[in-house]
Amino acid sequence: MIDGTNLKATSETSSHAKPNLKPNLKKAERIAYIDQKLKALYPEPPVPLDHQDPYTLLVAVLLSAQCTDERVNQVTPALFELADNPFDMAQHSAETIREIIKPCGLSPQKSKAIKRLSEILLEEHGGEVPAEFEALERLPGVGHKTASVVMAQSFGVPSFPVDTHIHRLAQRWGLTRGRNVNETERDLKKAFARDRWNDLHLQIIFYGREYCTARGCDGRVCEICTTCFPQRKHPKVVNKP
Ligand code: SF4
């Protein structure tokens with residue numbers, strides 16, 4: 001598996017380095033720089049999905065799959081008006097739920113998942129959202145990323161939810177050679193202090209939204225990349241998750 005950033009960093013800091021530019025930062029230096037830079041830019045990152053408690057957060061995160069947070073926040077007021085707890089939600093048909101959540105996409109699957117997970121919360125967890133990865137990941141429509149967001153943002157458990165955007169940025173910043181979000185999560189957890197994971201997840205998302213769009217940049221434009229990789233000569237090729 002090829003990681004273009006690290007290969008380039010190695011070659012560009014050796015005999016092919018541009019003479020008038022500073023050398024690329026070493027990985028430990030990149031980690032420290034990115035950590036402090038993101039902390040300074042977003043000192044108290046807010047949770048982007050509107051919610052009132054672990055249940056409404058769980059439903060909102062489930063809805064955010066392949067949908068923007070903005071769109072989810074437009075849809076959830078009507079959904080939570082209908083039902084903002086598992087007991088009330090389980091009373092409604094998947095079809096009723098689907099009519100409301102249609103703008104989020106994947107509504108047939110998401111509506112069935114919301115109804116069924118509400119029933120399971122009542123049947124197996126006393127109507128509460130469990131604060132355990134394993135139990136969360138057994139719920140329909142809830143994968144590791146969704147469980148990690150709930151664990152981080154509702155229960156304060158250090159987690160590092162990695163979506164495709166964080167996966168892309170972590171590669172552009174030379175923090176991982178991950179071929180998928182799981183490998184990237186593993187590398188980011190090794191790189192950063194545990195007590196920074198929850199905030200960093202949000203800070204990287206905000207930075208990505210503000211500066212680093214999916215197709216908008218070749219990895220040689222804004223301050224983080226130009227500070228970390230002044231010798232970078234070519235666009236960073238990113239592994240698709
Ligand atoms: S230079 Fe481009 S890829 Fe790097 S952080 Fe900035 S916007 Fe993202």
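Student: Where does the largest nonpolar core get its most contacts from?
Tutor: This is a predicted model, and its largest nonpolar core has 29 residues. The residues with the most contacts inside that core are L58, V59, V61, L62, L63, I114 and V150.

Student: Which helices supply at least two residues of this core?
Tutor: Helix 3 (54–63), helix 4 (69–82), helix 6 (94–101), helix 7 (107–125) and helix 9 (144–153) each do. Helix 3 gives the most to this core, with eight residues.

Student: Take L63. What is L63 in contact with, leaving aside neighbours within four places in sequence?
Tutor: L63 is in contact with V72, V75, I101, C104 and K110. There is also a second, separate core of 22 residues. I31, V162, A191 and Y207 are among its members.

Student: Back to helix 9. How many of its residues are buried?
Tutor: Nine of the 10 residues in helix 9 are buried, which leaves the helix mostly covered. They are K145, T146, A147, S148, V149, V150, M151, A152 and Q153.

Student: What about helix 10, why is it largely enclosed by the rest of the structure?
Tutor: Helix 10 covers residues 164–172, and seven of its nine residues are buried, so the rest of the structure largely encloses it. The buried ones are I166, H167, R168, L169, A170, Q171 and R172. Just after helix 10, G174 takes a positive phi of about 65°.

Student: Which residues besides glycine have a positive phi?
Tutor: Q66 is one of them, with a positive phi of about 55°. Another is L106, at about 50°.

Student: Where does Q66 lie, and is Q66 buried or exposed?
Tutor: Q66 lies in the loop between helix 3 and helix 4. Q66 has 10 C-beta neighbours inside 10 Å, so it counts as exposed.

Student: Where is L106 found?
Tutor: L106 is in the loop between helix 6 and helix 7. L106 counts as partly exposed because it has 16 C-beta neighbours inside 10 Å.

Student: Let's look inside helix 7. What can you tell me about L122?
Tutor: L122 lies in helix 7. It counts as partly exposed, because it has 16 C-beta neighbours inside 10 Å. Leaving aside neighbours within four places in sequence, L122 is in contact with P86, F87, A90 and G127.

Student: How far apart are the C-alpha atoms of L122 and A90?
Tutor: They are separated by 8.7 Å. Along the chain, L122 and A90 are 32 residues apart.

Student: Change of topic. Which residues are around the ligand?
Tutor: They are R172, Y211, C212, C217, G219, R220, V221, C222, I224 and C225. By class, this shell has seven nonpolar, one polar and two charged residues.

Student: Now zoom out. How many helices and strands are there in the protein?
Tutor: There are 13 helices and zero strands. The C-alpha atoms fill a box of roughly 70 × 35 × 30 Å along the principal axes.

Student: What share of the residues is buried?
Tutor: Buried residues make up 38% of the 241 residues. As for contacts with a separation of 6 or more, 61% of them join residues 24 or more positions apart.

Student: What domains does the assignment give?
Tutor: It gives domain 1 (4–45 + 161–228) and domain 2 (54–153). Their C-alpha centres lie 31 Å apart. The contact takes six residues from domain 1 and four residues from domain 2. On the domain 1 side, three of these are nonpolar, two polar and one charged.

Student: Last one. What is the mean pLDDT of the protein?
Tutor: The mean pLDDT is 90, and 91% of the residues reach 70 or more. Over residues 1–15, though, the pLDDT is below 50. Beyond near neighbours in sequence, that stretch has 25 contacts in the model. Where pLDDT is low, the predicted coordinates should not be read in detail.

Methods
Residues are numbered from 1 along each chain as its sequence is written. This is a predicted model: local features need pLDDT of at least 70, side-chain atom pairs count only at pLDDT 80 or more; totals for chains, interfaces and linings use all residues. A residue is near a molecule or strand if its C-beta atom, placed from the backbone, lies within 6 Å of it. Ala, Val, Leu, Ile, Met, Phe, Trp, Tyr, Cys and Pro count as nonpolar, Asp, Glu, Lys and Arg as charged, and the others, Gly among them, as polar. A residue is buried if 20 or more other C-beta atoms lie within 10 Å of its own, exposed if 12 or fewer, and partly exposed in between; C-beta atoms are placed from the backbone. Helices (H or I, at least four residues) and strands (E, at least two) are DSSP runs, numbered from the N terminus. A nonpolar core is a set of buried Ala, Val, Leu, Ile, Met, Phe, Trp, Tyr and Cys residues joined through C-beta atoms within 7 Å. Two residues are in contact if their C-beta atoms, placed from the backbone, lie within 7 Å. pLDDT is the predictor's confidence in each residue, from 0 to 100. Domain bounds come from an automatic or database domain assignment.
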